2 protein chains.
Amino acid sequence: MSDVIVNKPEDIQSQVQEAVAAIAARETVGNVYLAACGGSFAVLGPAKYVLDHESEAIAAHHLNANEFIHRGPKGLGAKSVVITCSHSGTTPETVNAAAYGREHGALVIAITNDPASPLAQNADQVVTYVHGPDIDLHDSSEGVLYRIVFGLLAEREGNTKGQALDASLSALNPVLAAVRAGNVDVADAWGRAHKKHELVYTMGSGSNFHEAYAFSICLLQEMQWMHSAAIHAGEYFHGPFEITDTDVPFIVLVGNGETRPLDERGVNFVSKYSDDVVVLDAESLDLSEVAEDLRGYLSVIVFGKWLRMYADALADHRGHPLSVRRYMWRMEY
Amino acid sequence: MSDVIVNKPEDIQSQVQEAVAAIAARETVGNVYLAACGGSFAVLGPAKYVLDHESEAIAAHHLNANEFIHRGPKGLGAKSVVITCSHSGTTPETVNAAAYGREHGALVIAITNDPASPLAQNADQVVTYVHGPDIDLHDSSEGVLYRIVFGLLAEREGNTKGQALDASLSALNPVLAAVRAGNVDVADAWGRAHKKHELVYTMGSGSNFHEAYAFSICLLQEMQWMHSAAIHAGEYFHGPFEITDTDVPFIVLVGNGETRPLDERGVNFVSKYSDDVVVLDAESLDLSEVAEDLRGYLSVIVFGKWLRMYADALADHRGHPLSVRRYMWRMEY
């Protein structure tokens with residue numbers, strides 16, 4: 001089982017370096033396809049944000065792995081990098097996406113916990129990571145993704161922002177520790193108050209939208225069988241806001257990057273018409289040890305673990321462990 | 001008010017031709033940004049699908065208008081086409097997106113019902129359309145979008161698929177008429193059966209995903225104050241499917257394009273574990289008069305109107321007209 005694998009920081013570092021070297025060795029890099037499923041699909045989302053914001057020449061596309069394969073993007077070819085992600089490395093659609101990328105001449109990178117998995121075997125470059133509650137975030141799946149992406153930007157375009165990335169990722173560890181120390185009671189109280197609720201909405205924008213999505217589809221729908229939708233803060237005012245009411249619960253991620261005004265506008269409105277709003281604000285974090293021009297990108301990593309506290313509390317009060325499934329892994333589908 | 005404007009087919013045709021000529025006159029077209037809000041954001045989505053599938057060199061990005069502005073894509077510039085859409089042409093974020101695109105040297109096209117609107121005034125090219133229940137779909141917002149996109153593909157890359165587009169769009173009119181004639185009772189029965197429901201999920205993939213999204217956020221959340229989420233059929237199996245239960249209602253769009261296998265897989269599973277599934281299948285439509293290589297792209301236009309029948313029935317049985325709002329247009333936000 002992949003869950004007993006513990007990847008070593010020095011191996012991860014070599015793998016990142018090799019992946020970046022392979023990107024550097026390509027004749028051209030014109031686009032990047034980020035293809036995965038579910039929680040891993042969400043992990044890859046912020047990479048499109050970074051590439052959109054940082055690169056003039058490299059187009060990023062973020063697609064569910066099976067959509068990617070069937071859509072058949074014509075831009076996929078020798079000038080493409082395909083980044084895939086699957087924890088076990090066995091997700092069939094993601095394994096197929098890697099194979100599909102290689103068939104089309106792309107450089108395929110697999111981010112996976114298991115370096116011997118089918119996904120790894122179908123990739124040109126394998127980058128592993130560490131996982132669990134008490135890891136060095138520098139070596140998390142989100143951390144290695146950013147190390148690859150900023151490595152790509154450095155090699156292909158001379159972008160220097162990644163020089164501070166290693167130290168900035170490690171600087172997230174005490175930030176997360178502080179979040180955990182300061183929010184046990186508030187998360188617990190929220191879990192208790194919502195144990196009989198059937199639906200919780202999440203909201204976010206920019207790179208953080210993907211953590212709102214992950215919480216909605218993985219933690220709430222998958223692991224708690226609770227109804228949910230992730231609402232993009234920019235879209236909220238063009239339809240979804242009409243379901244806002246005094247008793248409709250929301251969790252809103254307020255980022256510290258360029259799209260913060262969208263989140264603030266969402267919070268201002270939803271807080272006026274719902275009495276049940278949790279606001280997680282990246283500006284409340286002490287990010288002084290994180291390089292200033294990386295802060296907006298990196299807060300998503302803290303948000304993921306911060307949200308997890310709310311899921312843990314909910315699971316506890318509902319007597320429904322996060323590990324329970326009724327369909328996943330239990331049948332063919 | 002823009003609602004009394006009735007744009008003429010010959011004017012629309014001239015506007016499309018001028019927009020395509022302006023695209024043809026650009027020195028380079030390297031990317032297309034599709035930026036709008038809510039229902040208009042959904043209208044633009046299928047254009048990314050078409051460009052992804054048809055073009056090797058032109059990268060398409062589909063972003064909420066406010067996300068687009070704040071994200072600040074570095075690829076936006078003289079080699080960009082920005083396509084915006086707003087019915088009234090007054091949506092502030094979309095007007096700003098058009099202005100933002102022009103500031104960066106992009107060619108900005110506005111699709112709007114009102115050729116004198118602020119959006120039109122901030123665009124280089126304005127393309128109007130007709131709207132309402134009994135229009136020629138050739139001149140619908142979705143129709144003019146495809147006419148622009150296939151015009152772009154023809155002019156920039158010699159793609160010939162658009163040659164059959166005008167006739168194929170017009171051929172959708174009798175297809176929709178048949179859908180309407182054959183589904184009054186079934187939509188009405190669904191509306192009656194779901195009048196006390198609080199939540200309905202939608203599902204889809206490929207170009208049709210965006211109609212599932214529009215139905216979810218505009219028809220259900222905005223116009224019926226009902227909870228909803230649009231689930232991507234490829235993502236369904238990686239989280240959301242765990243909320244499937246005997247009494248959880250789903251509406252699934254099964255397309256006739258490349259991603260049909262994703263939709264079929266979704267239907268097969270959801271129909272086994274929910275007793276409350278509506279399946280709208282594009283293969284049930286008589287598309288014999290639509291060019292074969294356009295069928296997969298064009299069914300989304302029928303899906304939009306087909307879904308509307310379910311919303312109309314729901315509104316009728318709930319005594320909640322689709323026009324009622326509690327926040328939109330009633331306050332500052």
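**The interface between chains A and B**

In this predicted model, 45 residue pairs make polar contact across the interface of chain B and chain A, both partners being at pLDDT 80 or more. On the side of chain B that touches chain A, the residues divide into 29 nonpolar, 22 polar and 17 charged. Elements giving two or more residues to this side of chain B are the helices α2 (38-54), α3 (65-71), α9 (209-224) and α10 (260-273), together with the strands β2 (59-64), β6 (199-204) and β7 (227-232). Of these, α2(B) supplies the largest share, eight residues.

Turning to the extent of the interface, 68 residues of chain B are in contact with 68 residues of chain A. The two chains bury about 5800 Å² between them, and carbon and sulfur atoms give 53% of that area. In chain B, the residues that lose the most area to chain A are R71(B), E242(B) and Y327(B), which together account for 14% of what that side buries. R71(B) also takes part in a salt bridge with D52(A), in which the closest N and O atoms are 2.8 Å apart. The count of salt bridges between chain B and chain A is six.

Chain B is superposed on chain A by a rotation of 180° with 0.0 Å of shift along its axis, at an RMSD of 0.0 Å. The two copies are therefore related as by a two-fold rotation axis. In chain B, the C-alpha of A229(B) is the nearest to this axis, at 2.6 Å. Both copies use the same surface, as 100% of the contact residues of chain B recur in chain A.

Technical notes. Residues numbered from 1 in each chain as written. Chains lettered and ligands numbered in written order. Predicted model: local features only at pLDDT ≥ 70, side-chain atom pairs only at ≥ 80, totals over all residues. Heavy atoms only, no water. Contact = heavy atoms within 4.5 Å. Buried area = accessible area lost by both parts, 1.4 Å probe. Salt bridge = Lys/Arg side-chain N within 4 Å of Asp/Glu carboxyl O. Polar contact = N/O pair within 3.5 Å; in protein donor to acceptor, adjacent residues only side chain to side chain. Helix = DSSP H or I, 4+ residues; strand = E, 2+ residues; numbered from the N terminus. Nonpolar A, V, L, I, M, F, W, Y, C, P; charged D, E, K, R; others polar. Least-squares fit on C-alpha atoms with pLDDT ≥ 70 in both.
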